[in-house]
Amino acid sequence: MLKEKFEELQIRLLSEIKSYYKERLVSVVIFGSVARGTFGFDSDLDVLIIARRLPQGRMRRAKEFEIVEKKLDPFLKSLPDAGINTFLSVVFKTPAEAQKGSPLFLDMVEDSRILFDREGFFANILETLRGKLKKLGAKRVWKGNSWYWILNPNLKPGEIIEL
């Protein structure tokens, strides 16, 4: 039941995001534990939204997104009845911001589900990053309860890594 509810949430979320952002929408990506398939009853749903003409600043972007959240509210409020205590954790980026890259994208190379991707925009970003990581010999390592990256195992003091 847990997997089905999270899948339903993703379907509903994508529908509402598409409905709200319309032609501004570039990409919608799920990442984190849900993308890895290691989510539990208290996991959040990590979402990357890439859209054109976003307001400046995180708070304004989150305020704009409240319209989407309000549409999902009845479904989200029904989940605790099934023992699921989740919430949406959304990251907003414009296409220009996404093209600059982000440390957040490192784990998305291996653990992401692209739900919507106009003209393969984000898939191309991930593929480029994947190639750079491979060229560096980068490795993702599990330690404790999280991942970290060794970007270049042969790095010498003073060397600079560019992704």
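Helices H1 and H3 cross in a right-handed manner; a crossing is right-handed if the near helix is turned clockwise from the far one by less than a right angle, and left-handed if anticlockwise. This is a predicted model, in which local features need pLDDT of at least 70 and side-chain atom pairs count only at pLDDT 80 or more, while totals for chains, interfaces and linings use all residues. Residues are numbered from 1 along each chain as its sequence is written, and side-chain values use heavy atoms, with hydrogens and water left out.

H1 covers residues 2-21 and H3 covers residues 58-78. Their axes lie 10 Å apart and the two helices pack at an angle of about 145° (axes are lines fitted to C-alpha atoms, for helices over the stretch in contact, and angles run from 0 to 180 degrees between N-to-C directions). On the H1 side, Lys5, Glu8, Leu9, Arg12, Leu13, Glu16, Ile17, Tyr20 and Tyr21 take part in the contact, where contact means heavy atoms within 4.5 Å. Their counterparts in H3 are Glu64, Phe65, Ile67, Val68, Lys71, Leu72, Phe75 and Leu76. By class, this contact of H1 with H3 has eleven nonpolar, six charged and no polar residues (Ala, Val, Leu, Ile, Met, Phe, Trp, Tyr, Cys and Pro count as nonpolar, Asp, Glu, Lys and Arg as charged, and the others, Gly among them, as polar).

Stepping back to the whole protein, there are six helices and six strands; helices (H or I, at least four residues) and strands (E, at least two) are DSSP runs, numbered from the N terminus. Along the sequence they follow the pattern α-β-α-β-α-β-α-α-β-α-β-β. The C-alpha trace spans about 55 × 35 × 25 Å along its principal axes. Of the 163 residues, 40% are buried (buried means under 20% relative accessible area, exposed over 50%, and partly exposed in between, with a 1.4 Å probe and protein chains only). Among contacts with a separation of 6 or more, 68% come from residues 24 or more positions apart.

Four of the strands form an open sheet with mixed pairing, in the order E3-E2-E1-E4; two strands pair if DSSP finds at least two bridges between them. Strand E3 (88-93) and strand E4 (112-117) stand at the edges with a single partner strand each, so one side of each has no neighbour in the sheet. From one strand to the next, the twist averages 20°. E2 (residues 45-51) runs parallel to E3 and is joined to E3 by six bridges, and Leu45 stands opposite Leu88 in E3. Helices also lie across these strands. H3 lies across E2 and E3 and runs at about 140° to E3, whereas H6 (residues 121-136) lies across E1 (25-31), E2 and E4, running at about 145° to E4.

A few individual residues complete the tour. Glu4 lies in helix H1 and is partly exposed, at 47% relative accessibility. Arg53 is 49 residues away from Glu4 along the chain, and their C-alpha atoms are separated by 33 Å. Arg53 itself lies in the loop between E2 and H3 and is exposed, with a relative accessible area of 62%. Most residues other than glycine have a negative phi. Arg53, however, has a positive phi near 55°. Phi of Glu119 is likewise positive, near 55°; this residue lies in the loop between E4 and H6 and is exposed at 77% relative accessibility.
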